[in-house]
Amino acid sequence: MIYPTLSYLADLGLATAIEHEGGRRQYAITPAGQAQLAEQAAELAALLARLSITRQEAGARGAPEI
């Protein structure tokens, strides 16, 4: 799921991909991507807060003993 998203961001010009040996790619954010991220800072903060709450709730339940 992550690689199609990275490819999509590269297609939009928000990230770049550099090919390395063995077909591996390294992605980096572009200046346009940084600007987009800055424009959506409030939405990103809200998303990270929700993920943090979900992670805390999952940790409170704990893993069952096997």
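The model on the screen is predicted; local features need pLDDT of at least 70, side-chain atom pairs count only at pLDDT 80 or more, and totals for chains, interfaces and linings use all residues. Residues are numbered from 1 along each chain as its sequence is written, and side-chain values use heavy atoms, with hydrogens and water left out.

**Around Gly33**

Gly33 is part of helix H2, which covers residues 31–39. Helices (H or I, at least four residues) and strands (E, at least two) are DSSP runs, numbered from the N terminus. Leu14 and Gly33 are 19 residues apart in sequence, yet their C-alpha atoms are 3.9 Å apart in space.

Next, select Pro31, which also lies in helix H2. Is Pro31 buried or exposed? At 66% relative accessibility, Pro31 counts as exposed.

**The whole chain**

Along the principal axes, the C-alpha atoms fill a box of roughly 45 × 35 × 15 Å. The radius of gyration of the protein chain is 17 Å, whereas a compact globule of 66 residues would have one near 11 Å. This radius is taken over C-alpha atoms, and the globule rule is 2.2 Å times the number of residues to the power 0.38. Buried residues make up 8% of the 66 residues.

**Helix H1**

Select residues 2–11, which form helix H1. How many of the ten residues of H1 are buried? The number is zero, so helix H1 lies largely in the open. Just after H1, select Gly13, which takes a positive phi of about 85°.

**The hairpin**

Continue to strand E1 (residues 15–19) and strand E2 (residues 25–29), which pair in the antiparallel sense over five bridges. Two strands are said to pair if DSSP finds at least two bridges between them. E1 and E2 form a hairpin with five residues between them. In the turn, select Gly22, which has a positive phi of about 80°. Then look across the two strands: Ile18 has Gln26 in E2 as its bridge partner, and Glu19 stands opposite Arg25 in E2.

**The salt bridge**

Show the side chains of Glu19 and Arg25, which meet in a salt bridge at 2.6 Å, N to O. A salt bridge is a side-chain nitrogen of Lys or Arg within 4 Å of a carboxyl oxygen of Asp or Glu. Side chains of opposite charge can pair when their charged atoms come close. A search of the whole structure finds one salt bridge. Glu19 is partly exposed, with a relative accessible area of 48%, and Arg25 is partly exposed as well, at 47%.

**Helix H3**

Finally, select helix H3 (residues 41–61), in which Ala41 lies. At 42% relative accessibility, Ala41 counts as partly exposed. Pro31 and Ala41 are ten residues apart in sequence and 15 Å apart in space, C-alpha to C-alpha. Thr5 and Ala41 are 36 residues apart along the chain, and their C-alpha atoms are separated by 19 Å.

Notes:
Buried < 20%, exposed > 50% of the residue type's maximum accessible area, 1.4 Å probe, protein only.
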